[in-house]
Amino acid sequence: MMKRTLLIAAAVLGLSAPAFAAGETPVPPQLKWSFQGPFGTFDRAQLQRGFKVYREVCASCHGLSYVAFRNLSQPGGPEFSEAQVRALAAEYKIQDGPNEAGDMFERAGRPADRFPSPFPNENAAAAANGGKAPPDLSLMAKARTYERGFPWWITDVFLQYSENGADYTAALLNGYKEPPAGFAVPAGGHYNEYYPGHVIAMPKPVSDGQVEYPKNEAGQPQAPETVEQYAKDVTAFLMWTAEPHLEARKRLGFQAMLFLIVLAGLLYFTKKKIWARVGGEVEGHATPPMTHNP
Amino acid sequence: MSQHSTTYVPKSAFGQWFESRLPVAGLVHSSFVAFPVPRNLTYFWTFGAILAFMLVAQIVTGVFLAMYYTPNAAMAFQSVEHIMRDVNYGWLIRYLHANGASMFFIAVYIHIFRNFYYGSYKAPREVLYILGVIIFILMMATAFMGYVLPWGQMSFWGATVITNLFSAIPLVGETIVSYLWGGYSVGNPTLNRFFSLHYLLPFMIAGVVALHIWALHVPGQNNPTGIPIKSGKDAVPFTPYATIKDIFAVVVFLIFFAYWVFYMPNYLGHADNYIPANPAVTPAHIVPEWYFLPFYAILRAIPDKLGGVIAMFAAIVIWVFMPWLDTSKVRSTAYRPTYKFFFWVFVAVCLVLGWLGSRPAEGWYVIASQICTVYYFAHFLIVLPVLGFVERPLPLPNSILESVMGVQKGGAGMPVGASAEPQSKG
C-alpha cells in the first residue's frame, strides 16, 4: 500500500516537473505601496514623479489614451494645480476639426483633451517598433498579474492583496538582466527576468539618473534617481491611471462597512427580541400547509 | 397563491373595495405575512431572500450601466472605461454589478447545496426544485453573456470557446454557432445579440422566480428535520419571524458583498479582461469565471469534443432527475449517517473540480478531472439510488417542535408538553 502511494506520488511529481521547469519565471517581489490596504491613498509626490517618468521615458512609445489632462488635477490623483495642467496640456498638439472650411487642423491641447497617442494608428506603432505595437498604459496596472498559487490566493482575500499588477509592472521594469549562459535571445528581443518566456520586445527603457526629480530644500532630489525608484514611481502613477477612483472607493468602503455593521448589529438584536416570543406555544397560528408524507 | 385560504380582510373601506376587485393585498398577506414557516429553520434558509435581493440588485445596477454602455465592438471597452472614470459613481455601479454576479453564484450554490443536504428536492417539492434548476441554467447563460459585454480579451476568447462548443452538435451544430455569432466568428453582431439577451434573461429569471416562490407556497418550506409541519406549534408566521431574520441575513451578506466591491473589486475577474479584445492574440490561458469552473473541468475531462459538451450539460441536467434518483424515504441528511459522508465527499469533489477547471488541461490535472467527473456522475447514478435501500436512517423526531425542544436528548418517554414550556414574553 505504502509502496503504491509512493509510486503515485513519484508519478505526480514527475509529471508536474516539466511544467515547473517551463515556468521558472521568478515571483515578483511584493513592494510596499502607499495605496495598498483598506485605508490606502496615493502619495501625491510619488504620482507626480511617476508622471514625469512616464512623460520623459514611456510616452515616446506608449499611449495613455483613457486619461485626460484634467484628470491630473482631480482629487485622488497627482493633484497638479489647474494652472499646471493648463500649461501642460498646451504643450501638446491635438488634431481637431474639421473646421468651417472642412479642414482638419492642429491646436494646442486643453485640459479636457485626452493624452494624444505617440503614433497616428496601431499599424504605424507596430511598424515603428519591430512589428508589435507598444500597448497603451492606461490600464496596465490592472491588465497584468502573476500566478499566486496555493495557499496565497486564499490569504490574499483576507490580507487584501490586490497589487499583483503593480508588483509585476515594477518587477518587469527592474527585470532587465544579462541572459543566463546558453539562453539565446532572438534578434529584436531583450532578456527580462520577469517577462513570461523572458524575451520582451521592449528594450531596457530607463537607466539610473535619466530622469531628474524635483529637489527638496536641501537641494537634493526628493527621491533617489535610480531605476528601482523610477520603476516604483511610474508604477504607482500607472496604478492611478488604471484606477483613478481608488481613494474614493476605499474611503466610501469604510463608510459603507461601518454603516452595514452597525445596521446588522441593530437587526440582530431586533431579530433576537422578536424570536424570544417563540416559546413552546407559538403565538399566532399557522395553519399547516398542505400535508405531505415524510 | 396557495391552499391555505387567506383570512385577510382589509381595514379601510377602499381596501375592501379594492380587494374584492383585485385581491393582491390578500395574496401578499397570505404569502409573506401569515404564511407558516417551520420554526426550526437555520440561516441556510435565508439564501432564498438573499437571492431575491441579488436579482433585484443586479437588475437595478444593470439598468444604470446600460444607460452608459455601448454594445459595439469598437466602442464597448471604451464605454466601460468611460463608466469607470467619468460617470459619477460609475465605478461603484460597475463593481457592484460585476462582483454582484459572483455574489449571486455564491448564494445560489449555498442554496442548492442546502437543498441537496436537507432533501428539499424530494416529494412534494419536485416542481419547485426543477424550477430552481431552470433558474440556475438561466443564471449561467446570463452571467456568461454579461462577461462578454466589456469586450476585453477574456470576454472575446471566452465567448469564442463557449460558443464553439455548440459546433460539436451533429448536423445542426455549425448552423447554431453561426446564429449565435451572427456571422462566421465572434464579432460585433455577437456582442449586439448578447447584450440584448443579457438584458432579456434576467426578466425571464424573475418570471421563473415568481413560479419558484409560488411552488414553494403550496407545500411550504422544508426544514432541517425534513419532516412536515404537523401543527401550529411547529410553525411561526412569516412576518415578523422570517421577515426580520431574512433582513438581518441580507445585511450580513451585504457586508460580505461590500468587502469585495470596495477592497478586492478585481480579484474575482481576470486581469486579461482589462486588455481590449484582440482577435489576433490569444491569451495564454482561457479560463471562465470561477462559478463555471467545475463544469469547465468536466468539459475538458472528456477527450472527445462532443462527449465533453454532453458531459458538461449532463452535469446540470442530471439535477432534474434527483427527486427520483434518490430512493431514500428520509429527507434530511441529518438522519442519514451514511449519506452524510457521501454528501461531503460530493462537496469536496465539486470543489476539486472547480480548482481543476482553473488549471491548464495537461498532465495529471486531466487524470484528476476524469476521476472527479466519474465520481460526480456516480454520486447521482449510484450513491443516491443505492443508499436509499442499504442505509439505516436514524429515528426521526415526531415533530418539529420535539426536535426544537430536545425531547430526544431529554430522554425517551418525556411528554412533549413537559419540555415545551411557553417562554412567551408577551
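## Two domains of chain B

In this predicted model, the C-alpha centres of domain 1 and domain 2 of chain B lie 21 Å apart. Domain 1 covers 34–286 and domain 2 covers 289–388, with bounds that come from an automatic or database domain assignment. The contact between them takes 25 residues from domain 1 of chain B and 20 residues from domain 2 of chain B; two residues are in contact if their C-beta atoms, placed from the backbone, lie within 7 Å.

On the side of domain 1 of chain B that touches domain 2, helix 5 and helix 6 of chain B each supply at least two residues. Helix 6 gives the most, with seven residues. Helices are DSSP runs of H or I of at least four residues, strands are runs of E of at least two, and both are numbered from the N terminus. By class, this side of domain 1 of chain B has 17 nonpolar, six polar and two charged residues. Here Ala, Val, Leu, Ile, Met, Phe, Trp, Tyr, Cys and Pro count as nonpolar, Asp, Glu, Lys and Arg as charged, and the others, Gly among them, as polar.

## Backbone details to look for

Most residues other than glycine have a negative phi, and most peptide bonds are trans. A cis bond joins B:Ala123 and B:Pro124, with omega about 5°, and B:Pro124 sits in the loop between helix 5 (90–117) and helix 6 (126–148). The bond from B:Thr239 to B:Pro240 is cis too, with omega near 10°; B:Pro240 lies in helix 10 (residues 238–263) of chain B.

B:Leu171 has a positive phi of about 65°, in the loop between helix 7 (153–165) and helix 8 (173–181) of chain B. B:Leu171 is exposed, with 7 other C-beta atoms within 10 Å. In chain A, phi of A:His198 is near 70°, and this residue is found between strand 3 (190–191) and strand 4 (199–200). The cut-offs are 20 or more other C-beta atoms within 10 Å for buried, 12 or fewer for exposed, and in between for partly exposed, with C-beta atoms placed from the backbone.

## Chain A in the record

UniProt (unreviewed entry) lists a transmembrane region at residues 252–269 of chain A. That stretch is 100% helix and 0% strand, and its end C-alpha atoms are 26 Å apart. The same record places "domain: Cytochrome c" at residues 45–242 of chain A, where the chain is 34% helix and 6% strand and the end C-alpha atoms are 18 Å apart. UniProt positions follow the numbering used here, feature names are shortened, and annotations may be inferred rather than shown by experiment.

## Reading notes

Residues are numbered from 1 along each chain as its sequence is written, while chains are lettered from A and ligands numbered from 1 in the order in which they are written. Local features need pLDDT of at least 70, side-chain atom pairs count only at pLDDT 80 or more, and totals for chains, interfaces and linings use all residues.
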